[in-house]
Amino acid sequence: MRLIGRDTETRAIDGRLDRASQGSGDLIVAVGARGAGKTALADWAARRAAERGFEVLRVAVVSSDQGLLVWAQLLRDIGAPDRLAAGLMTDPSALDLDDVARQLVSTKPRLIIVDDVDRGGSDALRMLSVVGGRCPGGATVVLATSKTSAGFGSELWLGGLTAPDIGELVGGTEEQVWAVQVASAGLPGIALTLAHGVRSSTDPIVWLALRTASRIEFLDVDVALVRLLELAASRAPDDGTRARVLARLARSLLGDASTGARRESLIRESLALARESGDARTLAEVLDASLHAVWDPAGAVDRLDTGAEIVELARSAGDDALERQGLFWRFIALMELGRVGEAESVLAGYTRAATAAGDEVALVTARGREAVLAALRGRFDDTMRIADEVAELGRIAGVADTERVTSSIRSMVWTERGDAAALAAGSALLQAIARRLPGHFYEADHARLLVFTGHLVEAQTELERALPQVLAGSGPRWIPAATQLALAAVATGQQEAMRELEAALLPYRDRLVVWAGANNAWLPVAHLLGLLAHGQGRPDDARRWLETALEMERRNGAVPSTAHTLAALAEVTADPLEATEFLGQARSIAERLGMPRLLDTLRPPADEWRLHRDGEHWVLHAGEEHARLPDIRGMAYLRALVAVPGREIAALDLVAGGAGLVSPSAAPVLDDAARQAYRIRLAQLDTRLEDADDAGDQELGARLQDERDQLLDELRTGTGLGGRARRTGGESERARVNVTRTIRTAIAHIEKSAPRAAAHLRSAIRTGSECRYQPESGGPARWQV
């Protein structure tokens, strides 16, 4: 009873059974990818243990919902008390899990096999650990199978078999064995599945080249598959088959950034052959491969149209898998074009199709993009919860790049919440990926992360390193890379880099920044164009781009990026009223969604006070004090003075709203004719006031009294001792009096809500013919007005 190619593993299990026979058990975890032969090894162990007189118990985990169900089933199988099995399912926290483990670990030889324990998630693994911890004290061996390491127990890693082992397993000619070994990566389960088709095919190389699934992450290169496809290209029996082989080869070369010209040539030839073949399935397959292999950053509309064509061709050919691929391309393209609502509808159709087909990989893909949409809309808690689900589903389905996809999704939340530990780990991961996948601009991702964490010197170095490659490059990660470098260029003030990146990004001004496969989405490109224009001193252009970005964000319900764009608009606008409004809206969103990193940039420093007009009011932020104040002239005078600390401004200039006025020569404030006119009008007003009182017209009386009071004030101002005409040094005297009075009134209003700020202003403001703000203790280091 020999298990081909697993002599080392079977000897290890036999040894554990020997020790268990002597009263010392063990926990063994057989780890390997799908098709590695874990089930076959467990079958062998069950037979071997039964031959040696062991009691054999076996359960299999089907889904995460059965994390504890399998252990409850084992308790029932051995006749343990019902309370334990029931308690394990209803309230495991109330149980002594060590007591449960004692029931399962027998003093008589026993083998417990738990197939696919990792499917049960953390509950199943935790219970496995508890049981395994009791094994050395009994005669029980627990053998669990898992796709990933459990982190405890004695692990047996099942890798690929050698070519001679594959030959012994599947038989066939030398060429057939070689092809199966390459196509299966030596995994016996996959090899057995492929062997029948190979033996019945005309050409095993071509047959396998078209059916072998890649087992690597996105943008990595499956060298064995490329080797198989290159060999198959010269052996294709007809144009349609050759078209499919060439297209698949081009797609498999995407991870090699140096093969751009070759990929384009392969796709041109394969498309021509596919269209000539007249076969709908062939053309759909080649179109799908072409979108992968030759990813033009400017080709979003083409991706949308080609996705629709793939759907139509796949439906006519009855190929559901290709139809789903076409739907997914439409989803990606709509996201790139900033049509998020439409993209969401297409994704829902893709999910329904994947569910109906039972396509686990497609369901992982769909769920991951639902997480991206949740993050884009600001549902951060949902994003993290869905990302955890994707990690579990991807592990069960054997999706190669699950970890990278979930990290990308989570990073959308980490960056907004300023998770320092997660961002530090992300920095190390990006550097490792950049070394492993050169030419795909992961340095740009790293530059953005360095900006977010405040490492601007390192960000500038990364910018200088990556910029030449990005400016000369293309591909599925080009737009995200260019926009991330734009952020780094603005943050570090690199003018030449800003000019070059602005020119490069301008053709994509109406796009949303979407990573390849839409596993991450960021800001509109227009937002970055706005930052670049502002960084180069062009505020009008900056505002135009940021308003364009804001329109896209509001249309898509992209609430977090709306907050960022509002904050940027506050920086570029020259109107303090608008700036205050933009900041208030951005702060409201950031507080509501929990975006501390943005909030930190919106809060004024502790040593900075702010005074801005807000509609019909003025708003003062003075440390812990805040005041909303009426729109009176004194507030405008205060703003003008605190804007230029220590500088004298003529009272006449404050009143006039500008500098440079020349005070006229001294003259009477009121001449004789004016004083006589005032007296006549006062007499008229006295008569009308009496009439209004007699008629009970209070409204008219109030208006007449206001006019009378104003006339008396002006008459007093123009009259000196003995009723003689008062003379003044031009308008400057009147300006001195008015400015002093109105500033005092403004400070009195401030005192009601911000007494410390009022006290500072009262002592720091000097009034007279010349006025100035002279900073003193108790005030800010600077003002923003």
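Helix α7 passes helix α9 in a right-handed crossing in this predicted model. Residues 163-170 form α7 and residues 188-200 form α9, and the two pack at an angle of about 60° with their axes 10 Å apart. That angle makes α7 oblique to α9. On the α7 side, the contact is made by I166, L169 and V170, while α9 brings P188, A191, L192, A195 and R199. Sorted by class, the residues of this contact are seven nonpolar and one charged, with no polar member.

| Helix pair | Axis distance | Crossing angle |
|---|---|---|
| α7 and α9 | 10 Å | about 60° |
| α10 and α12 | within 10 Å | roughly 55° |
| α23 and α24 | within 9 Å | roughly 140° |

Let us take α10 and α12 next. Helix α10 covers residues 204-211 and helix α12 covers residues 239-252; their axes come within 10 Å and cross at roughly 55°. The two helices are therefore oblique to each other, and their crossing is left-handed. From α10, the residues V206, A209, L210 and R211 meet T241, R244, V245 and R248 of α12. This contact between α10 and α12 divides into four nonpolar, one polar and three charged residues.

Now for α23 and α24, which span residues 456-472 and 478-492 and whose axes cross at roughly 140°. Helix α23 passes α24 in a left-handed crossing. The α23 side of the contact consists of L456, Q460, L463, A466, L467 and V470, and the α24 side of W478, A481, A482, L485, A488, A489, A491 and T492. Twelve of the residues in this α23 and α24 contact are nonpolar and two are polar, and no charged residue takes part.

The structure holds three cavities of 30 Å³ or more, and the largest cavity has a volume of about 70 Å³. Its lining is made up of W295, P297, R303, E336, G475, P476, W478, I479, P480, R511, L512 and V514. Two elements, α24 and β6 (512-514), each give two or more residues to that lining. Helix α24 gives the most, with three residues. One of the lining residues is W478, which also belongs to the α24 side of the contact with α23. By class, the largest cavity is lined by eight nonpolar, one polar and three charged residues.

Finally, there is an open space to visit. The second largest pocket holds about 1100 Å³ of space. It is lined by 43 residues, and those closest to its centre are H564, A567, A568, L598 and T601. Helix α28, residues 559-572, gives the most to this lining, with seven residues. Across the lining of the second largest pocket, 25 residues are nonpolar, eleven are polar and seven are charged.

Note on methods: Residues are numbered from 1 along each chain as its sequence is written. This is a predicted model: local features need pLDDT of at least 70, side-chain atom pairs count only at pLDDT 80 or more; totals for chains, interfaces and linings use all residues. Side-chain values use heavy atoms; hydrogens and water are left out. On a 1 Å grid over the protein atoms alone, a cavity is a set of points where a 1.4 Å probe fits but cannot get out, and a pocket is an open set with protein on both sides within 12 Å along at least five of seven lines; lining residues have an atom within 4 Å of a point. Grid points are joined across faces, edges and corners, and a volume is the space filled by probe spheres set on the points. Helices (H or I, at least four residues) and strands (E, at least two) are DSSP runs, numbered from the N terminus. Ala, Val, Leu, Ile, Met, Phe, Trp, Tyr, Cys and Pro count as nonpolar, Asp, Glu, Lys and Arg as charged, and the others, Gly among them, as polar. Axes are lines fitted to C-alpha atoms, for helices over the stretch in contact, and angles run from 0 to 180 degrees between N-to-C directions. A crossing is left-handed if the near helix is turned anticlockwise from the far one by less than a right angle, and right-handed if clockwise. Contact means heavy atoms within 4.5 Å. Angles under 35 degrees count as roughly parallel, over 145 as roughly antiparallel, 65 to 115 as roughly perpendicular and the rest as oblique.
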